[in-house]
Amino acid sequence: MPDRRKPTAQPSAVSHTSVGDVVVSVVNDGVFQLSFDDVVGAPRAAVEAAHGSQFRAVPPWLTVNTFLVRTPGRLVLVDTGFIGRTPLVGNLVPNLASVGVLPADIDAILMTHMHPDHEAGLTDAGGRAVFPRAELVVNEDELAFWQDDGALARAGEADKRHFGLARTALAAYQGRITAVADGVEPVSGIRLFATPGHTPGHSAWHIHSAGESMLIWGDVVHFPGVQLPIPDAGVVFDIDRAAAAATRKRVLDQVASDRIRVAGIHLDWPAFGRIVRRGEGYDFLPEVWQPAV
Ligand SMILES: [Zn+2]
């Protein structure tokens with residue numbers, strides 16, 4: 001008998017692709033709602049028109065992805081989702097389990113930055129580490145910023161809360177945190193590509209293997225329907241708005257020129273594709289899903 005009940009949720013959201021000898025799996029953590037009030041640096045009417053022209057939901061939803069990277073030597077996670085913060089997130093661990101990966105299997109976690117929609121999954125409700133063996137790899141500028149009491153004292157209300165959450169996560173991984181600089185390869189075949197502005201040590205991870213490559217970025221783009229056509233548009237969460245916009249334009253220009261494959265934490269799931277120039281801005285061309293990895 002067919003099951004005639006109306007589905008209320010998607011099947012597990014995992015999709016694999018290969019980059020040379022590496023397999024990259026996008027593992028979705030969920031979605032959460034933001035507002036056009038969170039967009040800065042562009043006229044409100046232009047923001048709503050760009051977003052609306054793509055038939056996107058209003059208010060806008062933000063996708064939260066993480067990426068599982070199976071290198072020949074190590075099992076790596078890029079970011080850990082927004083577990084437990086809003087109702088429609090927190091699917092990382094069950095989605096990993098759906099492809100046979102347990103938290104204890106993860107060897108290293110490479111962070112794009114320490115905002116809660118990226119680091120919340122590092123710890124459980126009691127502040128304990130979710131990943132019992134993983135080395136936590138963070139850009140040295142990012143680590144320094146969230147540990148800086150002066151920066152905490154200068155921070156606004158929302159950022160102060162982010163400091164508390166980031167420090168809880170870092171405390172849970174004390175003794176197994178590795179700070180790395182731009183260009184360093186903490187895992188063979190995965191290099192840190194600095195994208196400062198959104199946070200001081202905001203980072204992308206450049207995977208290269210057997211002549212192929214992919215750039216996994218963090219918050220270069222939050223709202224694909226807005227910030228690709230209008231790269232000047234930023235978000236209120238950008239710690240340095242001018243630097244974040246400059247970085248976005250530099251990265252988009254580079255990946256469009258070099259035709260490099262990209263993946264993004266907040267790109268629409270399954271989030272693998274290429275950036276092309278379109279008018280004054282850019283567009284994302286998603287890769288066609290393939291049954292064979
Ligand atoms: Zn984010």
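**Strand pairing and buried residues in a predicted model**

Good morning. In strand E7, leucine 136 is the bridge partner of isoleucine 109. The model I am presenting is predicted: local features need pLDDT of at least 70, side-chain atom pairs count only at pLDDT 80 or more, and totals for chains, interfaces and linings use all residues. Residues are numbered from 1 along each chain as its sequence is written, and side-chain values use heavy atoms, with hydrogens and water left out.

Strands here are DSSP runs (E, at least two residues), numbered from the N terminus; two of them pair if DSSP finds at least two bridges between them.

Let me stay with E7, residues 135-139. Strand E6, residues 108-110, is joined to E7 in parallel by three bridges. E7 also pairs with strand E8, residues 177-180, in the parallel sense, over four bridges. Within that pairing, valine 138 stands opposite alanine 179.

How many of the residues of E7 are buried? Five of its five are, where buried means under 20% relative accessible area, with a 1.4 Å probe and protein chains only. In a regular strand the side chains alternate between the two faces of the sheet. In E7 both faces are covered, with Glu135, Val137 and Asn139 on one side and Leu136 and Val138 on the other.

I turn now to strands E13 to E15. E13 (residues 261-264) and E14 (residues 272-278) pair in the antiparallel sense over two bridges, and alanine 263 has phenylalanine 272 as its bridge partner. E14 is joined to E15, residues 281-286, by six bridges, again antiparallel; here arginine 277 is partnered with tyrosine 282. The two strands form a hairpin with two residues between them, and glycine 279 in the turn has a positive phi of about 60 degrees.

Serine 25 belongs to strand E2, residues 22-33, and is buried, at a relative accessible area of 0%. Its side chain makes a polar contact with that of histidine 16, at 2.6 Å; the term denotes N or O atoms within 3.5 Å, within protein one able to donate a hydrogen and the other to accept it, with sequence-adjacent residues counting only if both atoms are side-chain atoms.

Finally, the nonpolar cores: sets of buried Ala, Val, Leu, Ile, Met, Phe, Trp, Tyr and Cys residues joined through side-chain atoms within 4.5 Å. The largest has 41 residues, and Phe67 and Ile275 are among those with the most contacts inside it. Apart from it lies another core of 27 residues, including Leu136 and Phe145.

Methods. Buried means under 20% relative accessible area, exposed over 50%, partly exposed in between (1.4 Å probe, protein chains only).
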